[in-house]
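Trainee: Before we go through this model together, could you show me how to read its features one at a time, with the general idea stated before the particular case?

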Amino acid sequence: MKIQNIIVNEEAMKTPGAILVGLMHGNISDSKFERSMNELEALTGACDLEVKGTITQTLPHPEHGTFIGSGKVEELKNLINMLDADIVIFGDTLSPIQIRNLENILDTEVIDRTGLILQIFAKRARTRESRMQVEYAQLQFMLPRLAGMRTELSRQGGGSGRLSNKGAGEKKLELDRRRIEKRMAELRRELEAVERERDTQRSKRMSGDIPRISLVGYTNAGKSTLLNAMLTKSHADNAESKMVLQKDMLFATLDTTVRRIDMPGHKPFLLSDTVGFIDELPTTLVKAFRSTLSEAVYADLLVEVIDFSDPDYLNQIEVTEKTLRDIGAGEIPIIYVFNKADVVIGNSEHAAMTIPHVRNDRIYMSAENMIGLEELITLMEKTLEGERINAEFLIPYSDGQALHDISTRSDVIETEYTEEGTHLTVKCSKKMIIDYMSYTI
Ligand SMILES: Nc1nc2c(ncn2[C@@H]2O[C@H](COP(=O)(O)OP(=O)(O)OP(=O)(O)O)[C@@H](O)[C@H]2O)c(=O)[nH]1
Ligand SMILES: [Mg+2]
């Protein structure tokens, strides 16, 4: 499968060149189309490919066989030759058959946005877990593509309709398919083992009464910068060595990092930084990264970081909220960090704005310039405190872990030992009630 063969040679003198293809169809607005093309360009850069040219077309609907019209395909072929491009990247999701048709006509590798994002993840994954997650997502992405090829081959070769009359190509594909499925099962087993280990580590962390806060948001919004800024200000020993990569690049972070933050004059908390979201994040990836993202699911509070300097920030918020719902973190209390406000203050639209500026559950600040950290922490504390409500739990004696977790992470008002279990009356976070819904009374 071609997707696996994109080997970008870091040593090569010449960066492989790509041609981007955008089809404006349906009732997408000009500005949205332009933004999606800009994002495609940034994604291409994040994959270490140089954009050599861009071709766009407007059609009411995509063409069945080649996605773009046949005249455009010809134009594209000429451009590939002229610019000596190595790969063609489509901004939409193409069907396996469309990709194959295009590759045959263009005689050049063709990938779509999903393939590109998978490729970035594959290049960037560092830990064993994220490598396995990416490989799983890639294999899952390949499977239906093999099936598409198979259907066509069986139509060509299996005229007699007898099962034994499989063409050689078809048999090979069947073998490929089995090999992929076997590898996927293997990866699933290994990932489940890593997940169990992660759960154990998490419950160890949960046994302290330190609140857990997760940074979430669109890729490149400044989550890692915010974590680093907090570390710089905190009492952490050798804060420098605990810092994470912050970079103007989509998907700079792929692994989850949890750091303890001890700010002078504040209670400590655990802050986690994780993979960023993007519009139409391939579902295979969301599923594969579910356990990495689960750090967010188990948080007491989410801090959603938004790139306020991006004209499309409202869409970023929408995408983030949708992804949070998808991973089961939709009910956790959230505060909004309108980051990179340093870029927009003074603009005509925000002429009178000063930062930091706090309003209800949002703060306008700048992580990079360390403006607003103190105010953000105060807002976080207020939100955590405000979310605490009275609740009663009846915990069976068999679940000592739950008893330990609830009693250490809440203010216990009363403890009573009954026949059915421990009856706790507490003041706790709403999240705790969701976590232990079955024990609430
Ligand atoms: N002007 C300005 N730039 C910022 C600010 N905060 C972060 N940045 C820049 O934004 C870019 C992305 O920052 P990161 O912290 O890597 O973003 P992220 O959300 O972790 O992104 P991913 O890990 O790729 O999902 C970097 O180049 C930062 O220097 C800010 O407050 N103002
Ligand atoms: Mg990051």
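Mentor: Let us begin at the ligand, where a residue counts as near a molecule if its C-beta atom, placed from the backbone, lies within 6 Å of it. Of the 24 residues around ligand 1, those that come nearest are Gly 222, Ser 224, Asp 248, Thr 253 and Gly 276. This is a predicted model, in which local features need pLDDT of at least 70 and side-chain atom pairs count only at pLDDT 80 or more, while totals for chains, interfaces and linings use all residues. Residues are numbered from 1 along each chain as its sequence is written, and chains are lettered from A and ligands numbered from 1 in the order in which they are written.

Trainee: What is the make-up of the shell around ligand 1 by class?

Mentor: The classes are nonpolar (Ala, Val, Leu, Ile, Met, Phe, Trp, Tyr, Cys and Pro), charged (Asp, Glu, Lys and Arg) and polar (the others, Gly among them). Around ligand 1 there are eleven polar, seven nonpolar and six charged residues.

Trainee: Which element supplies the largest share of that shell around ligand 1?

Mentor: Elements here are DSSP runs numbered from the N terminus, with helices being H or I of at least four residues and strands E of at least two. Helix α7 gives the largest share, three residues, and both α7 and α11 (341-344) supply at least two residues each.

Trainee: Is α7 enclosed or open to the outside?

Mentor: We call a residue buried if 20 or more other C-beta atoms lie within 10 Å of its own, exposed if 12 or fewer, and partly exposed in between, with C-beta atoms placed from the backbone. Nine of the eleven residues of α7 (residues 223-233) are buried, so the helix is largely enclosed by the rest of the structure. Among the buried residues are Lys 223, Ser 224 and Asn 228 as well as Leu 226, Leu 227 and Met 230. Contact requires C-beta atoms, placed from the backbone, within 7 Å, and the buried residues of α7 pack against elements including β5 (212-217), β8 (301-307), β9 (334-339) and α12 (373-386).

Trainee: Which residues touch the most other members of the largest nonpolar core?

Mentor: In soluble globular proteins, nonpolar side chains tend to be buried together. A nonpolar core here is a set of buried Ala, Val, Leu, Ile, Met, Phe, Trp, Tyr and Cys residues joined through C-beta atoms within 7 Å. The largest has 86 residues, of which Val 88, Ile 89, Leu 302, Val 303 and Val 337 touch the most other members.

Trainee: How much confidence does the model carry, and what is the mean pLDDT?

Mentor: The predictor's confidence in each residue, from 0 to 100, is its pLDDT; the mean for the protein is 85, and 88% of its residues reach 70 or more. Over residues 150-165, however, the pLDDT is below 50. Where pLDDT is low, the predicted coordinates should not be read in detail.

Key. Contact = placed C-beta atoms within 7 Å.
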